[in-house]
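Please look through the structure shown below before reading on, and keep it beside you while the text moves from one part to the next.

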Amino acid sequence: MPMDYFEYLRKDKMPHIWCPGCGHGTIVKSILRAIDKLQWKKDDVVVVSGIGCSSRTPGYLDFNTLHTTHGRALAFATGIKVANPKLHVVVVAGDGDSMAIGGNHFIHTCRRNLDITLVVYNNNIYGMTGGQASPTTFKGSRGTTAPYGAIEDPFDVCEMAKAAGASFVARALDLDAVAMDRVIVAAMENKGFSVVDAWSQCTTYFGRQNKWGSASDMMDRYKEMTYNVKAADKLAPEQKAGKFPVGVLHQVQRTEWCEQYDKLIDSLKARD
Amino acid sequence: MSEHAKRVRFLSGNEACSLGALAAGCRFFGGYPISPSSEIAEFLSGHLPKIGGKFIQMEDEIASIGAILGASLAGAKSMTATSGPGLSLMQENLGFGMMAEIPCVVVDVMRGGPSTGNPTGPSQSDVMALRWGTHGDHPVVVVCPASIKEVYYGTIDCFNYAEMMRTPVVLAMDEITAHMREKIEIPAPEELHIEYRKKPAFKPGESYFPYQPGPDLVPVMADYGQGIRYHVTGLNHDKTGFPTGNPEVMEEGNRRLLEKIERNKEKLIKYEEYKTSDADVLVVAYGSTARSAKRAVDDARERGVKAGLFRPVTLYPIPDKALEAAASKAKRVIVPEMNLGQYIMIVERVLGHNVKLSGVNLVNGEPIQPSKILSAIVGE
């Protein structure tokens, strides 16, 4: 039976705030399909966000939902997961939210390896506040605070996550919803901290300022800027230079935080 | 060893606070090391896992308060402990806790400021930061103990107030109270009064409004995972918890946050009066400074000056009626504090300009000596 999205949406909160052409809705649907596929009970799912366009997601979803302060979603999510490890905790954040103001929480949540899935809606811009440059704005790309083009190098969300110790790291593009579904399901199945760098075009602010054209034009760009990690071996170095791999980029077995903590509790009991 | 002897302990304030938290039912601590509060994190990192509670060292103070708010939403009584610089970092999320009405306890062991200031010296310089630190109009409950026994019971009070009012509550100690040691008899659990947040009964199909005020203006609170799915935000929201831009609803919501404390303040206010009934000179002091003040009052009486002490244990909500009554015969009021005049502004507001008001202030990392307060009382 095909899934009914309205089973998971708060219908009365529609219409959503996202602009026509925005990729965020595609990511939300992918998250919902993943939750549906995994048959998670709605009562057991918590969706946490910070501030920004992406962070409006929880309000539309019929789960336990929490819209926190800018950059701090992972800190709140950590408290929820640690206090009640039975809950499935999903965090949604933008590139500014997770890489700039929330950067410290990002790297330490990766290090702790709590069983939380983070989906970064990465549109390389601060959309909610009107198109300012973000930590993932490409060098040379414009934002309202980078009118001559960004002079700084951006963060690579996946490289950051890998370096900081996330046990599952993937990149997915909104233009390929099937691949995104696979990646998000795998991220949620991973017993540990999972990061999905989900690309989503912002036509209103990034697209217009950088003359990248319509949503579909922007998606074409994304396609040109990326390659499938599975094909990486077959590609010559020059074919990959300056491009971003897409797919599951990193997965390792590491003890999950709550499991480690439970072992500690048990060992203290044994000592008594 | 007799039962009594077993329960008598010689504790520091930070230890008494930790034990009080455990007795109050604290089962989650998220914190970041900072002098002079670190012993609380250290103590609880050893004790919480032994009773199945959770301890997590966070990456900074912003994360610490985020984590305890998250844990509270998941149903755990939670706490963090910090000092001035950490308190500054926590202010935004403290406001989130007040706005979203999430109970939790923040311990602030006051050290000298501003900035890094005097990490290991005593101070009472956070008194206004605790009242007005986070932006916007907001409800504040702050308990300020002056003895080890009061730290223990004050911590339990903080948890009780947080659960009763659905709001973050601060235990404000100064470094002296946190680090001095005194004898305390630890009560049996059944001797304690412990409050728990009101939870909605689970009835499928029935609507739950997470911000529908009860008769005491406090809404009942469901745990995440309890079976009632709802939304929490720091945006202005209506009774359903969802954002609103409706001017009437916003006005009502913002006012209710303050009104819920105002209406219940008699349940939250504690104070001590010492020789105030005939006092010509009233000293208003809190925390460890009140101990010096008490000695100064006795010394002044020996010299024939009718002095008295009013000691707010609850700094906020302000014990205004009691303070007014205590000062009713006073010709002069003296407010000693280890800052450059913070709570004196509150006292001035309560007592008006009809009384001669002066401060005794010290910000050099030393406690205020009784002799200094005595000089102010006898007018030397």
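In chain B, five strands form an open sheet in the order β11-β13-β12-β15-β16, with mixed pairing; strands here are DSSP runs of E of at least two residues, helices are runs of H or I of at least four residues, and both are numbered from the N terminus. Two strands are said to pair if DSSP finds at least two bridges between them. The edge strands are β11 (271-274) and β16 (356-361) of chain B, each of which pairs on one side only, and the twist from one strand to the next averages 20°. This is a predicted model, in which local features need pLDDT of at least 70 and side-chain atom pairs count only at pLDDT 80 or more, while totals for chains, interfaces and linings use all residues. Residues are numbered from 1 along each chain as its sequence is written, and chains are lettered from A and ligands numbered from 1 in the order in which they are written.

Within this sheet, strands β12 (residues 281-284) and β13 (residues 307-312) of chain B run parallel and are joined by four bridges, and Val284(B) has Phe310(B) in β13(B) as its bridge partner. Helix α11 (residues 288-302) of chain B lies across β11, β12, β13 and β15 (332-337) of chain B, and runs at about 165° to β13(B); such angles run from 0 to 180 degrees between N-to-C directions, with axes fitted to C-alpha atoms, for helices over the stretch in contact. Helix α13 (residues 343-351) of chain B also packs on the sheet, where it touches β12, β15 and β16 of chain B.

β15(B) and β16(B) pair in the parallel sense over six bridges, and the partner of Ile334(B) in β16(B) is Ser358(B).

We turn now to the place where the two chains meet. The contact takes 34 residues from chain B and 34 residues from chain A, where two residues are in contact if their C-beta atoms, placed from the backbone, lie within 7 Å. On the side of chain B that touches chain A, α4(B) gives the most, with nine residues. Strand β2 (residues 64-67) of chain A and β10(B) pair in the parallel sense over three bridges, with Val232(B) as the bridge partner of Leu66(A).

Which residues have the most contacts inside the largest nonpolar core? They are Ile80(A), Val91(A) and Val283(B), in a core of 183 residues; a nonpolar core is a set of buried Ala, Val, Leu, Ile, Met, Phe, Trp, Tyr and Cys residues joined through C-beta atoms within 7 Å. Helix α7 (residues 148-165) of chain B supplies the largest share of this core, eleven residues. Leaving aside its neighbours within four places in sequence, Ile80(A) is in contact with residues including Val46(A), Leu87(A), Leu73(B) and Tyr224(B).

A last stop is Gln209(A), which lies in helix α8 (residues 203-210) of chain A. Gln209(A) counts as buried because it has 20 C-beta neighbours inside 10 Å; the cut-offs are 20 or more other C-beta atoms within 10 Å for buried, 12 or fewer for exposed, and in between for partly exposed, with C-beta atoms placed from the backbone. Beyond its neighbours within four places in sequence, Gln209(A) is in contact with Gly131(A), Arg142(A) and Gly143(A).
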